[in-house]
Amino acid sequence: MIKGSIVALITPFHEDGSVDFDKLGELLEYHVANHTDGILVLGTTGESSTMTHEEDDAVVRYTIDKINHRIPVVVGAGSNDTKTAVDKSIKYENMGADYLLIITPYYNKANEGGMIAHFTTVANAVHTPIILYNVPGRTGCKLSEHAVSVLSKHPNICGIKEASGDISYATRISRYLSDDFVMYSGNDDMVVPILSLGGSGVISVFANTNPQEAHDMVQAWFDGDLKKSLSIQQKYLDYIHALFCEVNPIPVKAALNLMGKNVGGYRLPLYPMDPKNHDHLEEEMKKVGIIE
């Protein structure tokens, strides 16, 4: 399993809204050079919900080819329709994905039995290891502790991205962690607390702008330098909060553009930041030295 910082990568767009593959290539090389431990494409941060299936496939294929086994590639293959999640998972497995991230079924939701059946059906359909994705703020539903306890025993379910922001819930499900089932923080402001519960790292928005620091925060923990790990978490905490002052990935794309990365804009309904929030983001970036 991956230990460290897995970037939840943004998808760069041209002015006309099409995917900017040249820029995507630049970002992938930037992350390899700055010790990102894994790449996630087609996550929430990648705006996959507004991309076509053809665009999804092209981004996955390009990423896997560009990375060329240098670091693991995780692909978001989830859907609120189990059959679609299965079809996407099989497709991305055949493309060479190292891991698949499967979100809880949003909007239509499910009862506990349906949740277990949804993930089990996908996990049974592929050999590629699956990471569960619990993010109730986005989906309107969450995995119960019991569902996690059951799914953690499936031989092809290897972990969970825990993004509820509920440290009590994270503590309860930490009882099911093992060598075969790990937990990643899905919240950049809770990386060290999740590591203290036995977590293996973070699937990170922050890493888009600060890949080295995100890696170092986790690596320092595993190296036994808990003070350094905590100091990185605390140093960037206000900036991390600014990255979520509007719905993700609006602020992180604005931050990358302020850094001169020129990753383009958004697809509706995502929209440029409120000027006051943009000023706040810029101020926090200056405070920690990301920009001058």
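This is a predicted model: local features need pLDDT of at least 70, side-chain atom pairs count only at pLDDT 80 or more; totals for chains, interfaces and linings use all residues.
**Ground rules.** I number residues from 1 along each chain as its sequence is written, and for side-chain values I use heavy atoms, leaving out hydrogens and water.

**Strand E4.** Five of its five residues are buried, so E4 is largely enclosed by the rest of the structure; buried means under 20% relative accessible area, exposed over 50% and partly exposed in between, with a 1.4 Å probe and protein chains only. Tyr99, Leu101 and Ile103 point one way, and Leu100 and Ile102 the other. In a regular strand the side chains alternate between the two faces of the sheet.

**Partners of E4.** I found E4 joined to strand E3 (residues 73–76) by three bridges, running parallel, and to E5 by four bridges, also parallel; strands pair if DSSP finds at least two bridges between them. Gly76 has Leu101 as its bridge partner, and Ile102 stands opposite Leu132 in E5. E3, helix H3 (residues 82–95) and E4 make a right-handed β-α-β unit, as do E4, H4 and E5; right-handed means that, with the strands pointing away from the viewer, the path from the first strand over the helix to the second runs clockwise.

**Thr128.** I then followed the loop between helix H4 (112–125) and strand E5 (130–134), where Thr128 is found. Thr128 counts as buried because its relative accessibility is 7%. Leaving aside neighbours within four places in sequence, its contacts (heavy atoms within 4.5 Å) include Tyr99 and Leu100, which I had already noted in E4.

**Helix H9.** I checked the length of H9 (residues 211–222): at 1.5 Å a residue its twelve residues should span 16 Å, and its end C-alpha atoms are 17 Å apart, which agrees; the expected span is 1.5 Å times one less than the number of residues. Among its buried residues I listed Pro211, His215 and Trp221, and what covers the buried residues includes strand E1 (4–8) and helix H10 (226–235). Just after H9, Gly224 takes a positive phi of about 90°.

Key. Helices (H or I, at least four residues) and strands (E, at least two) are DSSP runs, numbered from the N terminus.
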